[in-house]
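Trainee: I have some labels to check. Can we go through them one by one, with the cut-offs?

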Amino acid sequence: MGKIIMKNLAFYSYHGAMKEENVLGQKFFIDLELVADIDKSAYTDSVEDTVHYGEVYQTIKDIMENSKYNLIEAVAQKIIDEIFKKFDKVEEIDIVVKKPEAPVPGIYDYFAVNFNEKRKKFKNIAYLGIGGNIGDRKKNIELSLKYLEESESIKIKKVSSLYETEPWGYTDQDWFMNIVVEIETALSPYELLDYCQYVENELKRERVIRWGPRTVDLDILLYNDYKSDDEKLTIPHPRMTERAFVMVPLYEINDSLVINGQDIKEYMKDFNAEEIRKIEE
């Protein structure tokens, strides 16, 4: 491991809780230390084997100059999240965000926050079902993926094709649009459930009756070999093996899964083409 150090990066930005700060702006200074797997670059002399500090700087610059936050705590966290997302070799980040012109009467050099964070390990494989039948169905799915991508604890590995299916249970409603997503995550099953519910709330999920119309659902289908019969979270997802809108896209992205002790190929024999239709992009 090595360390990349960037000191006194200066930006003129519009972060602050007061309206005047958002309008007039002020100077900010950032110190950054990255612990990264860059030892190989000392022998290869290749930029491919290190962390390109010019690209790191541009990432920070984009955040500082193209966004507005009330708190420098939020600025620091956004920078941490983006660096971990974009630079795989970075394992630990220490950042200081300094605000020398804070609207506080007195004599001082600056006010600052200092965060130190280590990369979360993505050890868990999970499969999510995403779908709905109210409003712009495709846009709601795309926004759901965007929210998943924004989490520093989730990496999207595979996304199925879009599928349309007839309503299941309550049939007097529009057809559903669905996908299945394979993710790697550092979140526990219940933390992942909380994040899925957060996404649903952000997209103003509506569902009046069971199996009825809804804007968007994010369901945890599988999580490693984890099993739970808890009322709040049941994994594998109940009745998933009976539903074409789950099993067909799931089979598309992983045809070697074993669910409840049975090969997914065996489950697929129970479905026919009339139950589901693939949307060709």
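Trainee: Which helix gives the largest share of the lining of the second largest pocket?
Mentor: Helix 4, with four residues. This is a predicted model: local features need pLDDT of at least 70, side-chain atom pairs count only at pLDDT 80 or more, and totals for chains, interfaces and linings use all residues. Residues are numbered from 1 along each chain as its sequence is written, and side-chain values use heavy atoms, with hydrogens and water left out.

Trainee: What makes something a pocket, and what makes a residue part of its lining?
Mentor: On a 1 Å grid over the protein atoms alone, a pocket is an open set of points with protein on both sides within 12 Å along at least five of seven lines. Lining residues have an atom within 4 Å of a point. Here the lining includes Lys-78, Asp-81, Glu-82 and Lys-85. The second largest pocket holds about 250 Å³ of space, where volume is the space filled by probe spheres set on the points, joined across faces, edges and corners.

Trainee: What counts as a helix here?
Mentor: A DSSP run of H or I, at least four residues; a strand is a run of E, at least two, and both are numbered from the N terminus. Helix 4 (72-86) and helix 6 (189-202) each supply at least two lining residues.

Trainee: How many lining residues are charged, polar and nonpolar?
Mentor: Seven charged, two polar and two nonpolar. Asp, Glu, Lys and Arg count as charged; Ala, Val, Leu, Ile, Met, Phe, Trp, Tyr, Cys and Pro as nonpolar; the others, Gly among them, as polar.

Trainee: Why is Met-64 called buried?
Mentor: Buried means under 20% relative accessible area, exposed over 50%, partly exposed in between (1.4 Å probe, protein chains only). Met-64 has 1%, so it is buried. Met-64 lies in helix 3 (residues 53-66). Its contacts (heavy atoms within 4.5 Å) include Phe-11, Phe-28, Ile-30 and Val-75, not counting residues up to four places away in sequence.

Trainee: What makes helix 7 largely enclosed?
Mentor: Seven of its ten residues (244-253) are buried, so the rest of the structure largely encloses it. Among them are Met-247, Pro-249 and Ile-253.

Trainee: How many aromatic pairs does the whole structure have?
Mentor: Six. Rings of Phe, Tyr and Trp (its six-membered ring) pair if their centres lie within 6.5 Å; planes under 30 degrees apart count as stacked, over 60 as edge-to-face, the rest as tilted.

Trainee: Why is the pair of Tyr-147 and Tyr-198 called edge-to-face?
Mentor: The centres are 6.0 Å apart and the planes stand at 85 degrees, so the pair is edge-to-face. Tyr-147 is in helix 5 (residues 137-150) and Tyr-198 in helix 6, 51 residues apart. Tyr-147 is buried at 18%. Tyr-198, at 35%, is partly exposed.

Trainee: How do you know that the charged end of Lys-98 sits over the ring of Tyr-110?
Mentor: The test is NZ of Lys or CZ of Arg within 6 Å of the ring centre and within 35 degrees of the ring normal. The charged end of Lys-98 is 5.2 Å from the centre of the Tyr-110 ring and counts as sitting over it.

Key
On a 1 Å grid over the protein atoms alone, a cavity is a set of points where a 1.4 Å probe fits but cannot get out, and a pocket is an open set with protein on both sides within 12 Å along at least five of seven lines; lining residues have an atom within 4 Å of a point.
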